[in-house]
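This report describes selected local features of one protein model. Please look at the sequence and the structure shown here before reading on.

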Amino acid sequence: MRQHKLALCKEHYLEWVPAQTERIIRKYEMFTRHEKVLVAVSGGKDSLSLWDILIRLGYQADGLYIGLGIDEGLHYSTESRRLNEKFASERGMKLHVVDVAEVYGETIPAIAARTHRGKEKPCSVCGLTKRHVMNRIARDMAYDVLATGHNLDDEAAVLLGNTLTWSGEYLLRQGPALPGTPGLARKVKPLCRFYEREMAAYAILRGIEYVYDECPFAAGSTSIFNKQLLNDLEHERPGAKLAFYLRFLEARKAGLFAGREDVQQELQPCANCGQPTSAPGLCAFCRMVATGKAVVAPGPGQETEA
Ligand code: Q46
Ligand code: ZN
């Protein structure tokens, strides 16, 4: 790990990663051992490693897998569900599974084709659905906090995207821990300071079987382009990616974006699902499911709340 000027053997690396995670959880006051954590697992290396680490650290952590129905070609959803279920059953861990087609009647690509007439990628529909389902399960099953496996590469790529467009409100809300509000679960990212390759090394050394392939719709995304830019920078300047992210957090804490904090949208409960929404009547998700009207939601490279 050039950025830390540190090289570890397998045994010490597998101790170092959970110890660092514990430090991050405490530093950003994410949760305690008395709280129930819901880990959103995709079947990828980051989320499964996060779940594994939290259990090793003695936290109460259950998993949530959302079946998106993205199965053309690679059988991405079928394979990721299989690996999540295998991971949970081998370790005796509790996994909630929400299959979007079973619960809402259509797969993500089908909803996207209906709402966008198949012209665009389904990422906006997918993002909106995942945020809705994660929040619903956290609320209905009384979890205190929702944890996702975003790593430093993910966070730095989102940060670069939001900086290039000076998206002040997204910058204000990007961080390792987002406090809960009435009806919206607290959200945390305990892996936000680990490089992607560090998480890949952890998963491999722990013998975690994970989906290697990305979702087929991720190809060509802005987020992947931004990751490549940052990887080039990191190659020339080891540690640049981590510094970019950490200095941003310091600047945010120092109030660089504080001017926007008082701009609070009025939220009210959705008439159908009860989740907070700024629109009168139905929330964007319920509107989408009910009528197929176009929704505006971010793709994989942006951060926002439902
Ligand atoms: S899963 Fe969904 Fe991502 Fe696939 S359809 Fe797009 S948003 S790329 S994180
Ligand atoms: Zn709703």
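In this predicted model, K5 has a relative accessible area of 78%, which means that K5 is exposed, since the cut-off for that class is over 50%. K5 belongs to the segment before α1 (10-27). The backbone of K5 has a phi near 50°, a positive value in a residue other than glycine.

Most residues other than glycine have a negative phi. W166 also has a positive phi, about 45°, although W166 is not a glycine. The place of W166 is the loop between α7 (152-164) and α8 (168-173). With a relative accessibility of 63%, W166 counts as exposed.

A further loop residue is E209, between α9 and α10 (222-236). Its relative accessibility of 39% makes E209 partly exposed.

| Residue | Relative accessibility | Class |
|---|---|---|
| K5 | 78% | exposed |
| W166 | 63% | exposed |
| E209 | 39% | partly exposed |

Which residues does E209 contact, leaving aside its neighbours within four places in sequence? They are L48, R82, L83 and K86. From C-alpha to C-alpha, E209 lies 39 Å from N272, and the two are 63 residues apart in sequence.

**Two helices in contact**

Helix α2 (residues 45-56) packs against helix α9 (residues 196-205) at an angle of about 65°, and their axes are 9 Å apart. The crossing of α2 past α9 is left-handed. On the α2 side, the contact is made by K45, D46, S49, D52, I53 and R56. On the α9 side, E196, M199, A200, Y202 and A203 take part. Sorted by class, the contact of α2 with α9 has five nonpolar, five charged and one polar residue.

**The zinc site**

Which residues coordinate the zinc ion (ligand 2)? The SG atoms of C270, C273, C283 and C286 do, at 2.3 Å.

How values were computed
Residues are numbered from 1 along each chain as its sequence is written. Chains are lettered from A and ligands numbered from 1 in the order in which they are written. This is a predicted model: local features need pLDDT of at least 70, side-chain atom pairs count only at pLDDT 80 or more; totals for chains, interfaces and linings use all residues. Side-chain values use heavy atoms; hydrogens and water are left out. Donors are N, O and S atoms within 2.8 Å of the metal (3.2 Å for Na, K and Ca); water is not among the atoms, so sites may look incomplete. Axes are lines fitted to C-alpha atoms, for helices over the stretch in contact, and angles run from 0 to 180 degrees between N-to-C directions. Helices (H or I, at least four residues) and strands (E, at least two) are DSSP runs, numbered from the N terminus. A crossing is left-handed if the near helix is turned anticlockwise from the far one by less than a right angle, and right-handed if clockwise. Contact means heavy atoms within 4.5 Å. Ala, Val, Leu, Ile, Met, Phe, Trp, Tyr, Cys and Pro count as nonpolar, Asp, Glu, Lys and Arg as charged, and the others, Gly among them, as polar. Buried means under 20% relative accessible area, exposed over 50%, partly exposed in between (1.4 Å probe, protein chains only).
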